[in-house]
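Below are my notes on the model, as numbered points.

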Amino acid sequence: MKLGVFLPNGQNGYIISDSSPQYIPSYDHCLEITQEAERIGLDFILSMIKYRGFGGTTGYWDSCLDSIALACGLAAQTSKIDVYATVPILGIHPAIAARQLATFNDIAKGRAGVNLVTGWNRPEYEPMGLWPGDDYYDRRYDYAAEYVEIMRTLWRDGRATFDGEFFKLDDATCYPAPERELPIVTAGQSPRGQMYTAHHSDYNFVFGDRELLPKIAQPVLDEAAKVGRDVGTLALFTIIADETDEKARAKAQAIVDGQDKEALANVVGSASKDPQKGGTSEHFVNGLTAPIEEGNLTFMSFPVLHGSYESVAEQIATLERDTNVSGLLMTFVDYVPDLKIFGEKVLPLVREKYAALQLA
């Protein structure tokens, strides 16, 4: 099972609270996190992109580093860990993105991957004149399918001619082509997103607790198998581990108690514009009242794995068995010290427990 870190290259990471660390994102911070993740033997890191934040008292996501430029810098300063950049498909033409990502893969010496964002947040793109109209909510996966086909053709052949509904290319080129097609991650939470991911991506990353995750992961596995593909699911979780269950729970609750209500309302306001059912936007709206373990919106609706070091290790080690996910994309409260503690106190127990389960 793959373990990775969701980098906090957006302001304040993935916690919308006055009771959590407050910071403007920086390359140095993200590099320190990435190098620590590589040192303890994690598999990958992934950085996000956001062009407009949600404000509030915390200025949540108001500052954000460019994901591709950041990923190139991180790849140049690491040697083993896989590095994923995020591409907003409404903001970058697929032929341009293909070349940027081919360059990124060259810098990473074959360790690059890409997370494609289809774009659910109209207020993020509208100020730049990039929002194509509200019918895009229902057509974004058709748009994304053409986008992926163009990129993969350019990576494979170095050139592409394409006559689609959204894109038209006449012998576009991408040289030097990468030596591999980069792995693609997509957040396919809704039924439509799940089907798109099964046909066009290599990993689906989603929010969900142990009850919800199998309902998302299994349809992707089944649909991918029908078309001869192998597609995994990466589950998003916030990790809060401490010496005791009580201490970890108290830390999580203190963060919820200090939630930035203005920023939360802004997230819900943006998400409510998306009419698609069962997707990421609906999960954000539901997160406003959800328990911590199921994905309270204070934690960006990521479920929180909290407890003692032993308890958190047990929850992680059994997740694949219980939900059919193939990996975790983890966030932390205070990344650098929390990641060091995770590497020292939790990860050895995860590996021990996971190995025992594989032999059972």
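1. Axes here are lines fitted to C-alpha atoms, for helices over the stretch in contact, and angles run from 0 to 180 degrees between N-to-C directions. Helices (H or I, at least four residues) and strands (E, at least two) are DSSP runs, numbered from the N terminus. On that basis α3 and α5 pack with their axes 9 Å apart, at an angle of about 45 degrees. The two helices, α3 and α5, are therefore oblique to each other; the classes are roughly parallel under 35 degrees, roughly antiparallel over 145, roughly perpendicular from 65 to 115, and oblique for the rest.

2. The model is a predicted one: local features need pLDDT of at least 70, side-chain atom pairs count only at pLDDT 80 or more, and totals for chains, interfaces and linings use all residues. Residues are numbered from 1 along each chain as its sequence is written, and side-chain values use heavy atoms, with hydrogens and water left out.

3. On the α3 side the contact (heavy atoms within 4.5 Å) is made by Pro-94, Ala-95, Ala-97, Ala-98, Leu-101 and Ala-102, and on the α5 side by Tyr-147, Ile-150, Met-151, Leu-154 and Trp-155. By class, the contact of α3 with α5 has eleven nonpolar residues, no polar and no charged ones. Nonpolar covers Ala, Val, Leu, Ile, Met, Phe, Trp, Tyr, Cys and Pro; charged covers Asp, Glu, Lys and Arg; the others, Gly among them, are polar.

4. Gln-194, Met-195, Ala-198 and His-199 of α6 meet Lys-215, Ile-216, Pro-219, Val-220, Glu-223 and Ala-224 of α7. What is the class make-up of the contact of α6 with α7? It has six nonpolar, two polar and two charged residues.

5. Buried (under 20% relative accessible area, with exposed over 50% and partly exposed in between; 1.4 Å probe, protein chains only) applies in α6 to Gly-193, Gln-194, Tyr-196, Thr-197 and Ala-198. These buried residues of α6 pack against α5 (136-157), β7 (184-186), β8 (203-207) and α7.

6. Helix α2 (residues 67-76) has seven of its ten residues buried, so α2 is largely enclosed by the rest of the structure. The buried residues of α2 are Ser-67, Ile-68, Leu-70, Ala-71, Cys-72, Leu-74 and Ala-75. Their packing partners are α1 (27-39), β2 (44-46), β3 (82-88) and α3 (94-107).

7. Overall, the protein chain has 13 helices and eleven strands. Its radius of gyration (taken over C-alpha atoms) is 19 Å, close to the 21 Å that the globule rule gives for 360 residues, so the chain is as compact as a globular protein of that length. The rule is 2.2 Å times the number of residues to the power 0.38. Along the principal axes, the C-alpha atoms fill a box of roughly 60 × 45 × 40 Å. Buried residues make up 58% of the 360. Of the contacts with a separation of 6 or more, 72% are between residues 24 or more positions apart.

8. Backbone geometry deserves a look at a few sites. Most residues other than glycine have a negative phi, and most peptide bonds are trans. The bond from Tyr-175 to Pro-176 is cis, with omega near -5 degrees; Pro-176 lies in the loop between β6 (168-173) and β7. Trp-61, in the loop between β2 and α2, has a positive phi near 65 degrees and is buried at 7% relative accessibility. Asn-324 has a positive phi of about 70 degrees, sits in the loop between α12 (319-323) and β11 (327-332), and is partly exposed at 37%.

9. Lys-345 is in helix α13 (residues 335-359) and counts as partly exposed at 38% relative accessibility. Lys-345 and Asp-242 are 103 residues apart in sequence and 9.2 Å apart in space, C-alpha to C-alpha.
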